[in-house]
Amino acid sequence: MLMQQVEQSVKGAVQIEGLSVSFHRQGRENRVLEEIQLGIRPGEFACLLGPSGCGKSTLLNLVAGFIKPTAGYVTVDQQPITRPGADRGFVFQQYSLLPWKTTFQNIELGLKIRGLSKPSRRELVDDYLNRVGLYKHRNSYPYQLSGGMQQRASIVRALVNSPSVLLMDEPFAALDAQTRHMMQELLLDIWEDLKTTVIFVTHDIEEAIFLGDRLYIMGVQPGHIKAELPIRLSRPRHFDDTLSTEFINLHRQVFECIREETLKSMEAG
Amino acid sequence: MVLTEELNTPQDRFGNLLNSKHGTYILPLITTLLLFIGWELAVRLFSIPEFILPAPSAILAEIPQWGGAVAKNAWTTLVTTLLGFLAALALGVLLGFMIGYSKLANLTIYPLLIGFNTIPKVALVPLLSIWFGIGAVPAVITAFLLAFFPIAVNVAIGLATVETEMQDVLVSLGASRFEVFQKVGLPHTMPYLFASLKVAISQAFIGSVIAETVASNGGIGYVILSASSNFNVPLAFLALLALAVMGVILYSFFMVLEKRFVHWI
């Protein structure tokens with residue numbers, strides 16, 4: 001167990017070098033991301049924060065390998081990213097569980113694709129189901145689960161493959177406020193345990209500060225990293241921390257920084 | 001207990017039946033029975049002559065004399081219909097796959113299919129009988145022609161509407177193209193396919209009966225045609241009834257199949 005943890009905290013370094021993305025539409029060049037440069041350390045919890053249209057999801061999709069950059073590159077543990085792979089677990093906003101599969105079957109998908117035997121699949125999946133309190137619901141279909149349960153299942157579906165990096169695209173945005181807080185604490189619990197590198201995209205300032213070791217605040221037109229802000233709040237974090245002076249000061253600081261970009265993005269429509 | 005008393009009002013018992021498993025066949029049986037009773041009463045009340053509209057009792061009275069012949073011809077129609085339907089299933093799924101997966105096929109084949117589908121198939125039966133003679137072959141082909149279009153279109157729609165996110169999930173878990181199809185595309189298409197099968201089986205019946213009334217010497221269509229020309233209207237109705245029963249049975253068969261294969265909706 002200890003060995004596994006050491007190993008896990010060593011992998012998961014993400015390096016993004018001179019990354020630009022632009023799309024051509026009707027002869028016009030639309031620059032989405034320009035000259036993104038950042039390095040995320042193994043085991044770090046990084047939050048990409050910015051107004052809509054800043055390209056934060058695009059950046060995440062580039063790390064996932066769903067899209068290819070126009071210039072520059074992404075490496076994970078020195079390996080350049082050319083296509084999607086199970087070493088980068090992805091959690092979507094809309095859960096995206098397969099409706100015809102049970103919770104258990106949804107979670108074992110990656111292991112099955114990798115050809116793991118049935119007993120080892122069951123052992124791994126059951127362990128994770130217990131961790132997130134879904135064991136009781138392992139034979140339920142997605143339509144029988146609440147949004148929070150579905151998102152827990154989809155996080156576990158990514159984690160069960162022990163990815164080097166966990167990529168999360170506004171995973172809690174569709175949940176109600178109470179469930180969202182619970183999920184944030186649950187995610188931190190699991191992360192403290194596994195120390196997987198996390199890149200978490202959100203537009204919620206409080207969420208970003210509460211979760212992250214480091215915030216990357218993004219600006220618009222074209223998308224770029226406007227500021228990088230380390231969050232030195234002590235861990236483990238609890239929801240009470242969001243009421244501390246330190247937290248509120250950070251919140252104000254980030255808000256000022258992001259406000260200007262939000263106005264720009266609103267003007268651009 | 002107050003609670004159980006409340007649950008036992010007639011309205012609640014009806015509600016229970018409505019949502020129970022038995023309700024799915026008891027309720028249609030009741031409406032069918034009511035229809036026949038109303039029909040019988042109307043015919044007697046207004047003394048409608050038998051050669052215009054025979055009462056259900058008059059239709060059933062034909063069974064001793066004609067029941068065997070109707071059953072034999074119903075069997076012919078059933079076999080014809082199923083042959084046409086199976087061919088439609090095979091080609092419909094194949095075409096649906098091509099249209100759903102290939103942009104080229106979508107742009108080249110799909111418009112032709114739409115054009116072809118607007119041709120009334122009854123207009124083709126005389127041609128079919130010139131090419132294939134009188135008998136079962138034109139009927140099988142007509143059944144096929146009517147049934148394959150809904151299958152092809154639905155399979156194509158099913159494949160084309162797979163959420164990209166779900167495919168991305170599989171790709172990000174390291175799935176190959178075939179695995180993405182097997183685990184996402186195929187199950188996503190199942191509800192569309194089964195919905196089309198229920199339509200297609202009815203269409204296949206229509207096709208074979210149309211062909212039998214024009215170019216055949218057997219089958220329910222042929223029975224209806226010869227009974228009408230002999231003014232034996234009760235026999236024509238008996239044949240129609242046999243057709244309706246077969247249609248309902250096959251439709252239910254596909255409904256049960258759908259419930260088993262598409263359990264998540």
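**Figure 1. Contact between chain A and chain B.** The count of salt bridges between chain A and chain B is zero, a salt bridge being a side-chain nitrogen of Lys or Arg within 4 Å of a carboxyl oxygen of Asp or Glu. Three residue pairs, both residues at pLDDT 80 or more, are in polar contact between chain A and chain B. A polar contact is a pair of N or O atoms within 3.5 Å; within protein, one must be able to donate a hydrogen and the other to accept it, and residues adjacent in sequence count only if both atoms are side-chain atoms. The model is predicted: local features need pLDDT of at least 70, side-chain atom pairs count only at pLDDT 80 or more, and totals for chains, interfaces and linings use all residues. Residues are numbered from 1 along each chain as its sequence is written, chains are lettered from A and ligands numbered from 1 in the order in which they are written, and side-chain values use heavy atoms, with hydrogens and water left out.

**Figure 2. Area and composition of the interface.** Chain A brings 20 residues to the contact and chain B brings 17 residues, contact meaning heavy atoms within 4.5 Å. About 1,800 Å² is buried between chain A and chain B, and carbon and sulfur atoms give 73% of this area. Buried area is the accessible area (1.4 Å probe) that two parts lose on being put together, summed over both. Of the area that chain A buries against chain B, 38% comes from Phe92(A), Trp100(A) and Ile113(A), more than from any other three residues. On the side of chain A that touches chain B, the elements giving two or more residues are strand 6 (88-91) and helix 4 (109-113) of chain A. Helix 4 of chain A gives the most to that side, with three residues. Helices (H or I, at least four residues) and strands (E, at least two) are DSSP runs, numbered from the N terminus. The residues on the side of chain A that touches chain B divide into 13 nonpolar, five polar and two charged. In this division Ala, Val, Leu, Ile, Met, Phe, Trp, Tyr, Cys and Pro count as nonpolar, Asp, Glu, Lys and Arg as charged, and the others, Gly among them, as polar.

**Figure 3. An open antiparallel sheet in chain A.** Four strands of chain A form an open sheet in the order 2-1-4-5, with antiparallel pairing. Strand 2 (28-40) and strand 5 (79-80) of chain A each have a single partner strand and stand at the edges, so one side of each is left without a neighbour in the sheet. Two strands pair if DSSP finds at least two bridges between them. Strand 1 (residues 14-25) of chain A is joined to strand 2 of chain A by nine bridges, and five bridges join strand 1 of chain A to strand 4 (residues 71-76) of chain A.

**Figure 4. Bridge partners and the hairpin turn.** Gln15(A) has Gly39(A) as its bridge partner in strand 2 of chain A and stands opposite Thr75(A) in strand 4 of chain A. In strand 2 of chain A, Ile36(A) is the bridge partner of Leu19(A), and Arg28(A) stands opposite Arg25(A). Strands 1 and 2 of chain A form a hairpin with two residues between them, and Gln26(A) in the turn has a positive phi of about 50°.

**Figure 5. Two backbone exceptions in chain A loops.** Most residues other than glycine have a negative phi, and most peptide bonds are trans. Lys195(A), not a glycine, has a positive phi of about 55°; Lys195(A) is in the loop between helix 7 (177-194) and strand 8 (197-202) of chain A. The peptide bond from Arg235(A) to Pro236(A) is cis, with omega near -5°. Pro236(A) is in the loop between strand 10 (224-230) and helix 9 (245-268) of chain A.
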